[in-house]
Amino acid sequence: MSIDWAALGSVFGVSLAVTVALVGLFTLGIVGLSQQEKATTASGGSAAMARTGAYACFALCAAAVAYGIYLIVA
């Protein structure tokens with residue numbers, strides 16, 4: 001039995017990068033929602049741009065998870 005260490009390292013590197021990217025994207029969504037609440041309470045106005053950006057971040061996270069599930073199932 002032989003282990004292809006280069007392929008294993010490649011899978012590890014890609015997995016690590018995608019994990020860090022997804023966590024960062026989700027964090028940006030949470031920060032966007034908190035900024036939206038802060039802007040609404042501070043100025044009395046609407047912060048639709050922050051909310052839209054947060055929802056876009058969450059949608060990208062959901063799309064990445066759905067694509068990962070598709071790769072596993074297919």
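My entries follow, topic by topic.

**Overall make-up.** I noted that this is a predicted model. I looked up the secondary structure and found two helices and zero strands in the protein chain. Helix α1 takes in residues 5–43, and helix α2 takes in residues 48–73.

**Burial and surface.** I checked how much of the chain is covered. Of the 74 residues in the protein chain, 9% are buried. The chain exposes about 5600 Å². Carbon and sulfur atoms supply 75% of that area.

**Cysteines.** I searched the whole structure for disulfides and got zero. I then asked how far cysteine 57 is from the nearest cysteine sulfur. I take a disulfide to need two cysteine sulfur atoms within 2.5 Å. The sulfur of cysteine 61 is therefore too far from that of cysteine 57 for a bond.

**Aromatic rings.** I counted two aromatic pairs. One of them joins phenylalanine 26 and phenylalanine 58. The ring centres are 5.2 Å apart. The planes make an angle of 55°, and the pair is classed as tilted. Which parts of the chain does this pair tie together? Phenylalanine 26 sits in helix α1 and phenylalanine 58 in helix α2, so the pair links parts that are 32 residues apart in sequence. Phenylalanine 26 is partly exposed, with a relative accessible area of 41%.

**Nonpolar patch.** Met1, Ile3, Trp5 and Leu8 make one of about 580 Å². Leucine 8 belongs to helix α1. I read its relative accessibility as 47%, which means leucine 8 counts as partly exposed.

**Record against model.** The record marks residues 6–33 and 54–73 as "transmembrane region". I then asked what the model has over each stretch. Residues 6–33 are 100% helix and 0% strand. The end C-alpha atoms of residues 6–33 are 41 Å apart. Residues 54–73 are also 100% helix and 0% strand. For residues 54–73, the end C-alpha atoms lie 29 Å apart.

Terms used:
Residues numbered from 1 in each chain as written. Predicted model: local features only at pLDDT ≥ 70, side-chain atom pairs only at ≥ 80, totals over all residues. Heavy atoms only, no water. Helix = DSSP H or I, 4+ residues; strand = E, 2+ residues; numbered from the N terminus. Buried < 20%, exposed > 50% of the residue type's maximum accessible area, 1.4 Å probe, protein only. Areas by Shrake-Rupley, 256 points an atom, 1.4 Å probe, with all protein chains shown as cover. Phe/Tyr/Trp six-rings, centres within 6.5 Å; stacked < 30°, edge-to-face > 60°. Patch = residues over 30% accessible without salt bridge, like charges linked within 9 Å, V, L, I, M, F, W, Y side chains within 5 Å. Salt bridge = Lys/Arg side-chain N within 4 Å of Asp/Glu carboxyl O. UniProt positions renumbered as here; feature names shortened; annotations may be inferred.
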